[in-house]
Protein chains: 2
Amino acid sequence: MARGSTRPTSRDVAQAAGVSQAAVSLVLGDKWRGRVSQATAERVRRAADELGYRPNLAARNLRLGHTRTVLLVVPALTTEFFAGVYTGAARVAAEHGFGVVLYPSPEGIGPARNPFASAQAALDGVIASSMAADALTAIRGDRLPLVMLDSDPEGSLGAATVNLDIADGVRQVAAHLLGLGHRGFLHLAADVPSWTFEVRARELAARVGAVPGASVRTARAAIAVEDARDATQAALSAPGPRPTAVVCDDDKLAVGAYKALRRLGLRVPEDVSVTGFDDLGLATAVDPELTTVRLDAELFGERGIRALLAVLEGRTPDGGDVPVELVVRGSTAPPGAS
Amino acid sequence: MARGSTRPTSRDVAQAAGVSQAAVSLVLGDKWRGRVSQATAERVRRAADELGYRPNLAARNLRLGHTRTVLLVVPALTTEFFAGVYTGAARVAAEHGFGVVLYPSPEGIGPARNPFASAQAALDGVIASSMAADALTAIRGDRLPLVMLDSDPEGSLGAATVNLDIADGVRQVAAHLLGLGHRGFLHLAADVPSWTFEVRARELAARVGAVPGASVRTARAAIAVEDARDATQAALSAPGPRPTAVVCDDDKLAVGAYKALRRLGLRVPEDVSVTGFDDLGLATAVDPELTTVRLDAELFGERGIRALLAVLEGRTPDGGDVPVELVVRGSTAPPGAS
DNA sequence: AGGGTCAAGTTTTACGTATAACGTCCGCCG
DNA sequence: CGGCGGACGTTATACGTAAAACTTGACCCT
């Protein structure tokens, strides 16, 4: 850290402008109306400019007792979904003078001893995805105002929660496929212990179970294309009547399903219909384009930050799930539409 | 978190343990050998534990004069490539006791006046992707130690740079396709003013130009599937001999090319070969799987943080580009291999 | 003349931490 | 018995900022 010349402080600016440090703080903090003359203010600003002065944020944060910075904890960066969450959160936060810093929950990053190595920044609050499970215990210890995303309302111990209306998404998928005439379903489930996936399974079973003659089989796979492909292939090769629709917990899983079906010589959607969840870029990259449930990641992030801001101000965040929408594309059709 | 109770400070811990604040700092900072008795140290630790004490990082950063936190500036979060860069950087940083905070360069986030709203954290240094152009000017003003990723070595004014060996990647692509017998090329170029894309164009022209009878036509598109599709379709519908290979600056562009070719009734790779760049998840999601240049994002991030740490310690970062590797899959074949 | 108001600053203080500098007590050696 | 060096702490200070409390002089009103 061989700083030959250390950064200028407000005192340096004061000296250069021939005023006291306090005056500099007033001028640069825009609190000088009636306290400092126009001319002096101008002089201070010019001095600050010439020295290239930037306030020391550590000092400011210490003085102010807050940072106007919140942390967004996400399970991984590999999905564009959380990019959307960040974008929405950052936009609204900026409108309120807050910044958002990202903490991708580590997977082999750093000693588990301090999963917060990335967050040396002093923080005012935390928004955490329930999927970033490993980071959650550490977060608890910090006693910071917390908002959980997509978390079991029961399991989040008083922390405010903001949830996507996953159940409704599943209802829409089920209604769409049942309406097309499908009765035999394969649920390709994400093998991740998370509330949002439990909801999918529960709701799908309920909807399909309500229709006479309809049934759901389940296959599990990690959220990775190869794993999903193999799981699907195994499930579809099993004895018994073959499902005519594969409902996937996630677009990535759906891509795996595509590959399995191609291997088995089955066509999408003529032989088997496939649906996804998320509406990532993947969904329109594949052929045929994927019928999937669009999650509005930006809106989700927006609602998350609004809830956290509410908590910070001592208000109760407004409830209500974030709506989702089925997007019908080319991967679904009536069964046996050869 | 009601404002009633504020977080405990080291002084609170001291009082609870019946010692001075300095003793607490010594014990918790693990600097107490020979200065504090074993018993007292234990007492302090227990008190800290019971109060749930966490040091105030703003205060610590102010005292220490540094934060052991660096910023990684990326153009956008939508690509898994930068997720890899982050992962590599964060791992190595953690090994050195540093944290990494992400700053996705804003696209309509916050007032342009302060693009650093997200970075309220006090920082020790910055690693910036050259593609995050809009954030760069602001970074300059902060006079922080800086490492540029994939930047024109001439244009980065003394800042250390770490580059991927893009030129070599293009060489490998050209050699592969020329070896298969292709002579007519369409270069589907990213319409983004960035050094890394200029290199692709320059190198491809040079390699193909060296072969008698070979030539390159160019189409430009934003890095988005639809735009790439339309640009490709237009270029391939133009008069003159049709190219037999489409070389794309990016995997996403390649997906657009796939769609255009399908529309035109041309098969990949029998009628036209396609190559990408990056090796994202997309590359193996499409059918046929994409021949592309794999960029080792994690290694890239690793090299970036190593360079920055070197700068922080006053050393000169070691040079040398990060190697890349052509991955041959199903989207390339000899021309006219019907 | 005397007080009051106001502009235009300055002096001072506190935020919470890390650490340099300073006591004390006690045992031990020459 | 004087002094000396640990062991075990404590006291004091600085980091850079924001803002409350205070000072000074000029001007105005009655």
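I am working with a predicted model.

Entry on DNA strand C. Of the 28 residues around DNA strand C, the nearest are A:Ser20, A:Ala22 and A:Ser37, along with B:Ser10 and B:Ala22. I then listed the elements that give two or more residues to this surface: chain A has α2 (21-28) and α4 (57-64), and chain B has α1 (10-17), α2 (21-28) and α4 (57-64). Which element gives the largest share? I found that α4(B) does, with 5 residues.

Entry on peptide bonds. Most peptide bonds are trans. I noted a cis bond from A:Val268 to A:Pro269, with omega near 5°. A:Pro269 sits in the loop that runs between α10 (251-263) and β9 (273-278) of chain A. I noted another cis bond between A:Asp287 and A:Pro288, where omega is about 0°. For A:Pro288, the place is the loop between α11 (282-285) and β10 (291-295) of chain A.

Entry on phi. Most residues other than glycine have a negative phi. A:Asp278, not a glycine, has a positive phi of about 125°, and I located A:Asp278 in strand β9 of chain A. Is A:Asp278 buried or exposed? A:Asp278 is buried, because 26 other C-beta atoms lie within 10 Å and 20 or more is the cut-off.

B:Asp278 has a positive phi of about 125° and lies in strand β9 (residues 273-278) of chain B. B:Asp278 is buried, with 26 other C-beta atoms within 10 Å.

Terms used
Residues numbered from 1 in each chain as written. Chains lettered and ligands numbered in written order. Predicted model: local features only at pLDDT ≥ 70, side-chain atom pairs only at ≥ 80, totals over all residues. Near = placed C-beta within 6 Å. Helix = DSSP H or I, 4+ residues; strand = E, 2+ residues; numbered from the N terminus. Buried ≥ 20, exposed ≤ 12 C-beta atoms within 10 Å, placed from the backbone.
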